[in-house]
Amino acid sequence: RRRFAHWYACVWASHYIKFCPFWEMHHEGIEHFDKNEAFVIVANHQSIADIMVMFTTFRQFRWVSKHTVFYVPFMGWMMKMANYVGIRRGDPKSREKMLRACKNHLAIGNSIMIFPEGTRSEDQQLRAFKRGAFQLAVDTGHRVLPILLDGTHDALPKDTWIFRNEGKSALKVRALPP
């Protein structure tokens, strides 16, 4: 199940956030994220920081990510080692391959993490959801675990790698009941 590679990413991201002087991490409802159940996890997507924030839950899951991220040195290599799932946007064959890979992960007990908006929001407003995550849950009989991410847009806005440092940004992961 390649649990160690994902755990390593959780440790790395947690340390990164803990030692970042501009960020303060908060968790709510993590008890809903049962370690013994595989979920189709869905969350809003405001920033590249969402990824690091989700790792701080220390729960096993596999990301669905645009395929180009797998080519980023070190990060992409780690994603391949952890057996995360890539997708080429707008490619129906890639979508079918992604869904098969997600079904295989769920079958062996790995949760799947999908941002149903498909990309990051530029204005903090929820974008229309794509149906893939929800169809995956229906097809496999796995419950959907909704996650609310907050504060990441202000901490690290879309299209930049520069932190906003006007005081501490409160980052929050809030898991809702499945």
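**Figure 1. Aspartate 50 and its contact with threonine 152.** Aspartate 50 is buried in this predicted model, as its relative accessible area is 0%. The residue belongs to helix α2, which covers residues 49-55. Its side chain is joined to that of threonine 152 by a polar contact of 2.4 Å.

**Figure 2. Overall organisation of the chain.** The predicted model comprises 178 residues, of which 46% count as buried. There are 6 helices and 7 strands in the protein. Along the sequence these elements follow the pattern α-β-β-α-β-α-β-α-β-α-β-α-β.

**Figure 3. Aromatic pairs around phenylalanine 55.** A total of 11 aromatic pairs is found in the structure. In one of them, phenylalanine 55 and phenylalanine 61 have ring centres 6.2 Å apart and planes at 15°, so this pair is stacked. The angle falls in the stacked class because that class takes planes under 30 degrees apart. Phenylalanine 55 is buried, with a relative accessible area of 6%. Phenylalanine 61 is likewise counted as buried, at 0% relative accessibility. Phenylalanine 55 also forms an aromatic pair with tryptophan 63, and this pair is edge-to-face, with 5.7 Å from centre to centre and 85° between the planes. Tryptophan 63 has a relative accessibility of 4% and therefore counts as buried. Phe55, Phe61 and Trp63 are part of a cluster linked by ring pairs, which also includes Phe33, Phe39 and Phe115.

Figure 4. By the rule applied here, the structure has 5 salt bridges. Glutamate 37 sits in the loop between β1 (23-28) and β2 (40-43), while arginine 143 sits in the loop between α5 (132-140) and β6 (144-150), so the pair ties together parts that are 106 residues apart in sequence. Glutamate 37 is partly exposed, at 23% relative accessibility. Arginine 143 is also partly exposed, with a relative accessible area of 41%.

Figure 5. Helix α4 spans residues 92-107. Arginine 95 and glutamate 96 form a salt bridge in which the closest N and O atoms are 3.3 Å apart. Arginine 95 is partly exposed, with a relative accessible area of 29%. Glutamate 96 counts as partly exposed at 40% relative accessibility. A second salt bridge in this view pairs aspartate 139 with lysine 103, and here the closest N and O atoms are 3.7 Å apart. Since aspartate 139 lies in helix α5 and lysine 103 in helix α4, the pair ties together parts that are 36 residues apart in sequence. Aspartate 139 has a relative accessible area of 44% and is partly exposed. Lysine 103, at 34% relative accessibility, counts as partly exposed too.

Figure 6. The volume of the second largest pocket is about 310 Å³. Its lining is made up of 16 residues, and those nearest the centre of the pocket are Phe70, Val85, Gly86, Ile87 and Lys97. Strand β4 (85-87) and helix α4 (92-107) each supply at least two residues of this lining. Helix α4 gives the most, with 5 residues. By residue class, the lining of the pocket consists of 7 nonpolar, 5 polar and 4 charged residues.

Terms used. Residues numbered from 1 in each chain as written. Predicted model: local features only at pLDDT ≥ 70, side-chain atom pairs only at ≥ 80, totals over all residues. Heavy atoms only, no water. 1 Å grid on protein atoms, 1.4 Å probe; cavity = no way out; pocket = protein on both sides within 12 Å on 5 of 7 lines; lining within 4 Å. Points joined across faces, edges and corners; volume = space filled by probe spheres on them. Helix = DSSP H or I, 4+ residues; strand = E, 2+ residues; numbered from the N terminus. Nonpolar A, V, L, I, M, F, W, Y, C, P; charged D, E, K, R; others polar. Phe/Tyr/Trp six-rings, centres within 6.5 Å; stacked < 30°, edge-to-face > 60°. Buried < 20%, exposed > 50% of the residue type's maximum accessible area, 1.4 Å probe, protein only. Salt bridge = Lys/Arg side-chain N within 4 Å of Asp/Glu carboxyl O. Polar contact = N/O pair within 3.5 Å; in protein donor to acceptor, adjacent residues only side chain to side chain.
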